[in-house]
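Let's take a walk through this model together, from the overall fold down to single side chains. Have your viewer ready and follow along.

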Amino acid sequence: MFESLLARARSTRWVHVVVVNLRFLIAFAFVPAGLKKVLDQPFTDPTNHGPFHDFLHALHGTGWFYQVVGILQLLASALLFTQRFATLGALMALALLTAIVAFCWSTLVVPTAIVTTLMLLRTIGLVLWDFAKWRGLFASDRESTTIAITPTSAPIDLRLWSQCGLAIFVLYLGTALVRGGVYRPKTIDFSEPAFYVLPAVMLLPIITFVIDQRRIRKNRVP
């Protein structure tokens with residue numbers, strides 16, 4: 001039942017577009033979080049206290065371990081953006097988000113816990129999307145590990161979408177490195193050049209979709 005539904009979904013163009021953009025959303029969420037750790041910047045205001053904040057203060061105090069966590073988050077992000085290695089990125093994100101969700105609910109930061117739970121559910125969906133690639137991990141040596149997936153009748157241009165992901169990753173990462181820190185606007189600030197990066201990031205998938213759509217239509221013309 002599940003395999004037939006998955007095969008039907010993988011033959012639908014708009015589902016592919018949704019999956020790619022889900023990868024972008026999860027990947028982009030990891031970039032500022034991971035970058036803060038790599039740059040050894042505190043994740044929360046030092047004046048804040050409570051179980052949630054105190055744990056993050058202690059995590060920041062671990063030194064290079066704090067940065068290793070950031071590297072893993074950036075690696076998962078980069079893999080998701082590539083599309084080609086998105087399965088590995090989704091599996092890494094699943095492990096990271098499971099720990100984050102458990103931490104958020106255990107410290108009762110409900111708004112953050114809800115957001116991270118939604119991210120976790122989306123990541124589970126991404127992992128299930130590539131079910132054929134990893135199901136063999138749970139099969140015995142005597143069992144067949146191959147799932148026949150119906151070829152997509154209207155595939156998306158994964159190379160084009162991977163270029164879009166790379167552009168998003170480089171654009172935000174480059175902006176943060178130039179500024180010397182992560183930029184998270186709290187208000188509209190047209191005087192800040194970095195403010196225009198986020199609209200550009202949101203515009204890139206739209207532009208990519210339009211280009212991909214035109215290529216599909218062009219290839220259909222006899």
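A word on terms before we start: a residue is called buried under 20% relative accessible area, exposed over 50%, and partly exposed in between, with a 1.4 Å probe and protein chains only. Please keep in mind that this is a predicted model, where local features need pLDDT of at least 70, side-chain atom pairs count only at pLDDT 80 or more, and totals for chains, interfaces and linings use all residues. Residues are numbered from 1 along each chain as its sequence is written, and side-chain values use heavy atoms, with hydrogens and water left out.

Let's begin with the whole fold. The protein has 9 helices and 0 strands, which gives the pattern α-α-α-α-α-α-α-α-α along the sequence. Here helices (H or I, at least four residues) and strands (E, at least two) are DSSP runs, numbered from the N terminus. The C-alpha trace spans about 60 × 50 × 30 Å along its principal axes, and of the 222 residues in the protein, 39% are buried.

Now look inside. A nonpolar core is a set of buried Ala, Val, Leu, Ile, Met, Phe, Trp, Tyr and Cys residues joined through side-chain atoms within 4.5 Å. The largest one holds 41 residues, and F24, I26, L80 and F81 touch the most other members. Two or more residues each come from helix 2 (13–38), helix 4 (64–82), helix 5, helix 6, helix 7 (131–134), helix 8 (158–179) and helix 9 (197–220). Helix 2 gives the largest share of this core, 10 residues. In soluble globular proteins, nonpolar side chains tend to be buried together.

What about nonpolar residues on the surface? F2, W105, V110, I114, L118, L121, I124 and L128 form a nonpolar patch there, with about 670 Å² of accessible area together. Accessible areas come from the Shrake-Rupley method with a 1.4 Å probe, and for residues only the protein chains shown count as cover. Patches are made of residues with over 30% relative accessible area and no salt bridge, joining like charges within 9 Å and nonpolar side chains (Val, Leu, Ile, Met, Phe, Trp, Tyr) within 5 Å. A salt bridge, in turn, is a side-chain nitrogen of Lys or Arg within 4 Å of a carboxyl oxygen of Asp or Glu. Helix 6 (residues 110–129) provides the largest share of the patch, 6 residues. L121 is found in helix 6, and L121 counts as exposed because its relative accessibility is 52%.

Next, move to helix 5 (residues 86–106), where T98 is found. Its side chain reaches the backbone oxygen of L94 at 2.6 Å, a polar contact, meaning a pair of N or O atoms within 3.5 Å; within protein, one must be able to donate a hydrogen and the other to accept it, and residues adjacent in sequence count only if both atoms are side-chain atoms. T98 is partly exposed, at 41% relative accessible area.

Follow the chain into the loop between helix 5 and helix 6, where T107 is found. The side chain of T107 reaches the backbone oxygen of C104 at 3.2 Å. T107 counts as buried because its relative accessibility is 16%. L108 has its place in the loop between helix 5 and helix 6, and L108 counts as exposed at 66% relative accessibility.
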